[in-house]
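Take a look at the model below.

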Amino acid sequence: AEMGVLGAMILDPDAIHEVMPVLRADDFYRDAHRIVYTRICAMADAGHTVDALTLFDALTLHGETGGAGGLDLIADLCGSVPHTANAAYHAAIVRQKAETRRVIETATEILRRAYSREFSAAQLVADAQADFLAIGAATDASEVTLRQATDLAVAEMGRREAGEDVELARLEPVEDPVQIVP
């Protein structure tokens with residue numbers, strides 16, 4: 001899924017706009033994917049065209065080519081995408097897996113603390129509740145209202161129509177998002 005997301009972002013500029021509001025760099029499991037995603041987002045934010053060659057040049061310019069897996073990884077990413085239309089779906093998978101890893105990491109840390117015998121049961125329970133609530137809050141914080149997304153899209157289209165250099169805006173999460181259930 002990570003390769004599918006990144007490959008779609010390299011091959012289709014529209015995929016960048018679909019994925020950026022959904023994923024953060026730390027949602028990626030592989031370090032190389034984190035580096036590539038961060039560079040793609042930086043390029044898009046700066047209004048630069050993203051494709052395999054411009055991405056490789058940007059990674060080289062910032063000394064990130066080795067950590068990102070070089071031209072071979074970029075080629076693999078581009079070749080791993082059967083269709084760019086699935087970018088949002090793959091991004092949702094990456095996000096869900098990242099959230100699952102955060103739960104596992106938190107549970108592992110709670111176990112470590114419990115076995116250390118440094119904390120009382122009440123402290124462990126309180127810490128565990130706080131840790132899991134923080135994960136839940138971070139998960140919910142990625143949600144935005146339909147109104148926010150629409151306002152942002154309309155404003156960006158207006159700036160593009162006016163011929164302005166458009167820097168991609170980021171949606172700010174809402175405190176209490178309205179859930180739309182099909």
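## The nonpolar core

The largest nonpolar core of this predicted model has 31 residues, and Met9, Val36, Tyr37 and Ile40 touch the most other members. A nonpolar core is a set of buried Ala, Val, Leu, Ile, Met, Phe, Trp, Tyr and Cys residues joined through side-chain atoms within 4.5 Å. Buried means under 20% relative accessible area, exposed over 50%, and partly exposed in between, with a 1.4 Å probe and protein chains only. At least two core residues come from each of helix 1 (2-11), helix 2 (13-19), helix 3 (31-45), helix 4 (52-61), helix 5 (70-79) and helix 6 (87-116). Helix 3 gives the most, with seven residues. Helices are DSSP runs of H or I, at least four residues long, and strands are runs of E, at least two long; both are numbered from the N terminus.

Which residues does Ile40 touch, not counting those up to four places away in sequence? They are Leu6, Met9, Ile10, Ile16, Val50 and Leu55. Contact here means heavy atoms within 4.5 Å.

## Helix 3 meets helix 4

The axes of helix 3 and helix 4 come within 10 Å and cross at roughly 105 degrees. Helix 3 is therefore roughly perpendicular to helix 4, a label for angles of 65 to 115 degrees. Axes are lines fitted to C-alpha atoms, for helices over the stretch in contact, and angles run from 0 to 180 degrees between N-to-C directions.

Helix 3 brings Ile35, Val36, Arg39, Ile40 and Met43 to the contact. Helix 4 brings Thr54, Leu55, Ala58 and Leu59. By type, the residues of this contact are seven nonpolar, one polar and one charged.

## Helix 1 under cover

Helix 1 is mostly covered, with eight of its ten residues buried. The buried residues are Glu2, Gly4, Val5, Leu6, Gly7, Ala8, Met9 and Ile10. Their cover includes helix 2, helix 3, helix 4, helix 5 and helix 6.

## The whole protein

How many helices and strands are there? The protein has eight helices and zero strands. Of its 182 residues, 32% count as buried. Among contacts with a separation of 6 or more, 68% join residues 24 or more positions apart.

## How to read the values

Residues are numbered from 1 along each chain as its sequence is written, and side-chain values use heavy atoms, leaving out hydrogens and water. Since the model is predicted, local features need pLDDT of at least 70 and side-chain atom pairs count only at pLDDT 80 or more, while totals for chains, interfaces and linings use all residues.

How values were computed:
Parallel < 35°, antiparallel > 145°, perpendicular 65-115°, else oblique. Nonpolar A, V, L, I, M, F, W, Y, C, P; charged D, E, K, R; others polar.
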